[in-house]
Amino acid sequence: TMLICGMGHERGPSEGDLMARRGVYLTYLGDVMKEPVIYEMGHQFKVVTNIRGATIKEDIGLVTLEVSGEDAELERALKWIESKGVKVEPIEMEDTV
């Protein structure tokens, strides 16, 4: 069993630092669906994003996202994406791969 969502830690790409890993559900409504907010988050903050699943309909988008980085940077990135109008909900689950 491998933890792919929820809270976790892994070694960072440099200096062996521990990086936090979180799984979140993102809910998009309205005009924000047309904006590349996950892309922008990955470029504005020192986080790595990994889309684990998505469902897009005409008026709503649901994304399961895994985000890795230092704890403080994850907090800033997730607060930023919320400020863009995206609802962020943490995932607490294990998935077997």
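**Exercises on a predicted protein chain**

The mean pLDDT of the protein chain is 83, and 76% of the residues score at least 70; pLDDT is the predictor's confidence in each residue, from 0 to 100. Over residues 1-16 the pLDDT is below 50, and beyond near neighbours in sequence this stretch has 44 contacts in the model, a contact being heavy atoms within 4.5 Å. Where pLDDT is low, the predicted coordinates should not be read in detail.

The model is predicted: local features need pLDDT of at least 70, side-chain atom pairs count only at pLDDT 80 or more, and totals for chains, interfaces and linings use all residues. Residues are numbered from 1 along each chain as its sequence is written, and side-chain values use heavy atoms, with hydrogens and water left out.

**Exercise 1. Characterise the pairing of β3 and β4, and determine how enclosed β4 is.**

Step 1. Two strands pair if DSSP finds at least two bridges between them. β3 (47-56) and β4 (residues 60-69) are antiparallel, with 9 bridges, and they form a hairpin with 3 residues between them.

Step 2. Individual positions can then be assigned. Ile56 stands opposite Gly61 in β4, while Ile51 has Leu65 in β4 as its bridge partner.

Step 3. Because 8 of the 10 residues of β4 are buried, this strand is largely enclosed by the rest of the structure.

Step 4. Ala54, in strand β3, is exposed at a relative accessible area of 53%. Setting aside neighbours within four places in sequence, Ala54 is in contact with Leu62 and Val63.

**Exercise 2. Identify the residues with the most contacts inside the largest nonpolar core, and the element that gives it the largest share.**

Step 1. A nonpolar core is a set of buried Ala, Val, Leu, Ile, Met, Phe, Trp, Tyr and Cys residues joined through side-chain atoms within 4.5 Å. The largest one has 20 residues, and Leu26, Tyr28, Met41, Leu65 and Ile81 have the most contacts inside it.

Step 2. Two or more residues come from each of β2 (18-29), α1, β4 and α2; the largest share, 5 residues, belongs to α2.

Step 3. Not counting residues up to four places away in sequence, Tyr28 touches Met33, Val37, Ile38, Asp59, Ile60, Gly61, Val63 and Val86.

Step 4. Val86 lies in the loop between α2 and β5 (87-91) and is buried, at 3% relative accessibility. With the sequence neighbours up to four places away excluded, Val86 touches Leu26, Thr27, Tyr28, Val32, Val37 and Ile81. The C-alpha atoms of Val86 and Val32 are 7.4 Å apart, although 54 residues separate them along the chain.

**Exercise 3. Describe the geometry of the aromatic pair and explain which parts of the chain the pair ties together.**

Step 1. Rings of Phe, Tyr and Trp (its six-membered ring) pair if their centres lie within 6.5 Å; planes under 30 degrees apart count as stacked, over 60 as edge-to-face and the rest as tilted. The structure holds 1 such pair.

Step 2. Phe45 and Trp80 form a tilted pair, at 5.9 Å centre to centre and 55° between the planes.

Step 3. Phe45 lies in the loop between α1 (37-44) and β3, and Trp80 in helix α2 (residues 71-83), so the pair ties together parts that are 35 residues apart in sequence. Phe45 and Trp80 are both buried.

**Exercise 4. Is Arg21 buried or exposed, and how far is its C-alpha atom from that of Val48?**

Step 1. Arg21 is located in strand β2. At a relative accessible area of 14%, Arg21 is buried.

Step 2. The C-alpha atoms of Arg21 and Val48 are separated by 9.2 Å, and the two residues are 27 apart along the chain.

Note on methods: Helices (H or I, at least four residues) and strands (E, at least two) are DSSP runs, numbered from the N terminus. Buried means under 20% relative accessible area, exposed over 50%, partly exposed in between (1.4 Å probe, protein chains only).
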